[in-house]
Amino acid sequence: MTMTRERFEHLADAYGGDLRRWPEAEREAGRALAAADPSAATVLFEADALDALLDAAPRLAASHALREQVIADAAGAGLGRRRRGAIGVLTWLSGAGWAAAACAGVAFGVVLTGQMTADIRADTVLYQAALSGADDTEVLGG
């Protein structure tokens, strides 16, 4: 299986310069292209250099204090806990209303798209019939 240069560059961008990280079905074709085309080998070299920079970058992790603060802020805003009583019912109904509106929007979009497609098909058929049909001058003998 041969590989195009465009596919080779796409895979190098996605998986880096180490062919062992490429999809197994693509590795051999990638090796062959890199061996045959010096500019493809350059693409691998550049991708490998980028991989090295990314590997050297510090990995940031959120501190325990930051995680606790985010959880506390979310709880203070009413996220992550259940509401009770009338407020809980209103919150649930509000969510149900949004869900119903989303479903209605999807249904309307499907119906509208089907109607628009039918209109476009009809216009296309009429246009093609006009192109291949008899001209008025042919019928009238002009």
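Start with Leu54, which sits in helix H3, residues 38-56 (helices are DSSP runs of H or I with at least four residues, strands are runs of E with at least two, and both are numbered from the N terminus). At 53% relative accessibility, Leu54 counts as exposed (exposed means over 50% relative accessible area, buried under 20%, partly exposed in between, with a 1.4 Å probe and protein chains only).

A word on what you have loaded: this is a predicted model, where local features need pLDDT of at least 70 and side-chain atom pairs count only at pLDDT 80 or more, while totals for chains, interfaces and linings use all residues. Residues are numbered from 1 along each chain as its sequence is written, and side-chain values use heavy atoms, with hydrogens and water left out.

Together, Leu50, Leu53 and Leu54 make a nonpolar surface patch of about 330 Å². Patch members have over 30% relative accessible area and no salt bridge; like charges are joined within 9 Å, and nonpolar side chains (Val, Leu, Ile, Met, Phe, Trp, Tyr) within 5 Å. Areas come from the Shrake-Rupley method with a 1.4 Å probe, and for residues only the protein chains shown count as cover.

Next, bring up H2 alongside H3. The two helices pack at an angle of about 115 degrees, their axes 5 Å apart. Select Leu33, Ala34 and Ala36 on H2, then Pro38, Ala40, Ala41 and Leu44 on H3, and you have the contact (heavy atoms within 4.5 Å). Axes here are lines fitted to C-alpha atoms, for helices over the stretch in contact, and angles run from 0 to 180 degrees between N-to-C directions. What kinds of residues make up the contact of H2 with H3? Seven are nonpolar, with no polar and no charged ones. For that count, Ala, Val, Leu, Ile, Met, Phe, Trp, Tyr, Cys and Pro are nonpolar, Asp, Glu, Lys and Arg are charged, and the others, Gly among them, are polar.

Now for the charged side chains. The structure holds six salt bridges, each a side-chain nitrogen of Lys or Arg within 4 Å of a carboxyl oxygen of Asp or Glu.

Pick Arg7 and Glu26: their side chains meet in a salt bridge, 2.8 Å from N to O. Arg7 lies in helix H1 and Glu26 in helix H2 (residues 24-36), so this pair ties together parts that are 19 residues apart in sequence. Is each end buried or exposed? Arg7 is partly exposed at 33%, whereas Glu26 counts as buried at 11%.

Stay in H1 (residues 5-15) and click Arg5 and Glu9, which are four residues apart, about one turn of the helix. Their closest N and O atoms are 2.8 Å apart in a salt bridge. Arg5 is partly exposed at 30%, and so is Glu9 at 32%.

Glu28 counts as exposed at 55%, Arg31 as partly exposed at 38%.

Finally, zoom out. The protein has six helices and zero strands. Buried residues make up 14% of its 142 residues. The accessible surface comes to about 11,500 Å², and 63% of that belongs to carbon and sulfur atoms.
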